[in-house]
Amino acid sequence: MSAPGPPLALLAELTHRCPLGCPYCSNPLSLERVRDELDTTIWQRVIGEAAALGALQIHFSGGEPLVRADLAALVAHAHAAGLYTNLITSAVLFDHRRLAPLKHAGLDHVQISLQDTAPDNADRIAGYAGGHRKKLEAARLVRGAGLALTINAVMHRQNLARLPEMIDLALELGAGRLEVAQVQYYGWALRNRPSLIPTRAEVAAAVAIVAAARERLKGRLVIDHVVPDYYAKRPKACMGGWARQFINITPSGLVLPCHAAQGIPTLRFESVRERPLAEIWERSEAFERFRGTAWMAEPCRSCERREIDFGGCRCQAMAILGEAGETDPACALSPHHARLLALAEAESAAEPPSFTYRRYANAPSEPAPA
């Protein structure tokens, strides 16, 4: 296989610590501990290696990256390396004291997640009392400081009815971009799928709402929409295709081609503690396993879309079928597509069970009971 091109972006998961307990968190069920987190020096080396490899963007994420005392130093290092810097945050720890050094360090963009427009339900979903109010205050601080703002609206069956209000709220907060991110079922979301998955009719209504809002707000608000794969006919090119555009580094230094890849137990992921990032990107066994199209079996191998969707999501094939090399069951050509659809329809029609909240014992403050 020929050498891959450079990655577009690096997702730096600085920590799995987080004060929220969101039941759809994309972090793995087994959260990494603070004692295993990469230190400042290693992160700075890795950031430099990502820039040298050709990456254009870095997304500082977690958990909650604001719990790291060295966040401003890492932003400054990335800015000096020529990377566009984005902070992905719950924002409940954000205030003037945290904002000023980040802006001075060269932070370009902030992405804040909202759980709902109704404060009580937003706090219930996040498992954190008073969180919604703090998020709105943080969003206004970001815009007041002149930084670009994206609202990440995480939508599911327990808040999707308020999608129009979420679009209005993003406008009110001065966001330039709204990501209507319907929950994808990996990590904690997979465990909580019966509590989260909407009906097919609800998804169709959301698609229509987004389409109308895009037309109405053209030039004022960019709206991205990620819909659940379970109702799709063709799979998406997950992360632009396995190991083609994206690098994820976990708090302990494992290098992944997507944030959910640890859900594939047959793959061994290498660490930046032991090997340069470029070598892992170009030659590691896990990155090569599903890169390109040579690995594909039928019906993917002869499909005219094989270099459009690259076989869909390997993690979804693993989660649903128990085999990462299978055709993504989101594809109508998969022999297992009807099974995926039936599962979605059955769970979305049933009464939603209580959430299993994401918990981390060493979080800076414990989520309030919901």
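Is the crossing of α6 and α9 left-handed or right-handed? The crossing is right-handed; a crossing counts as right-handed if the near helix is turned clockwise from the far one by less than a right angle, and as left-handed if anticlockwise.

This is a predicted model, in which local features need pLDDT of at least 70 and side-chain atom pairs count only at pLDDT 80 or more, while totals for chains, interfaces and linings use all residues. Residues are numbered from 1 along each chain as its sequence is written, and side-chain values use heavy atoms, with hydrogens and water left out.

**Helix packing**

Helix α6 spans residues 163-172 and helix α9 residues 200-216; the two pack at an angle of about 30 degrees, and their axes are 10 Å apart. That makes α6 roughly parallel to α9 (angles under 35 degrees count as roughly parallel). Helices are DSSP runs of H or I with at least four residues, numbered from the N terminus. Axes are lines fitted to C-alpha atoms over the stretch in contact, and angles run from 0 to 180 degrees between N-to-C directions.

From α6, the residues L163, P164 and I167 meet A206, I209, V210, A213 and R216 of α9, where contact means heavy atoms within 4.5 Å. The contact of α6 with α9 has 7 nonpolar, no polar and 1 charged residues. Ala, Val, Leu, Ile, Met, Phe, Trp, Tyr, Cys and Pro count as nonpolar, Asp, Glu, Lys and Arg as charged, and the others, Gly among them, as polar.

**Cavities and a pocket**

On a 1 Å grid over the protein atoms alone, a cavity is a set of points where a 1.4 Å probe fits but cannot get out, whereas a pocket is an open set with protein on both sides within 12 Å along at least five of seven lines; lining residues have an atom within 4 Å of a point. Grid points are joined across faces, edges and corners, and a volume is the space filled by probe spheres set on the points.

The structure holds 2 cavities of 30 Å³ or more.

| Space | Volume |
|---|---|
| Largest cavity | about 80 Å³ |
| Second largest cavity | about 60 Å³ |
| Second largest pocket | about 250 Å³ |

In the largest cavity, 13 residues form the lining, and P235, C300, C303, D309 and C331 are the closest to its centre. That lining divides into 6 nonpolar, 3 polar and 4 charged residues.

Residues lining the second largest cavity include C238, W242, C258, C313 and R314. Its lining has 7 nonpolar, 2 polar and 1 charged residues.

The lining of the second largest pocket divides into 10 nonpolar, 6 polar and 1 charged residues.

Methods
Angles under 35 degrees count as roughly parallel, over 145 as roughly antiparallel, 65 to 115 as roughly perpendicular and the rest as oblique.
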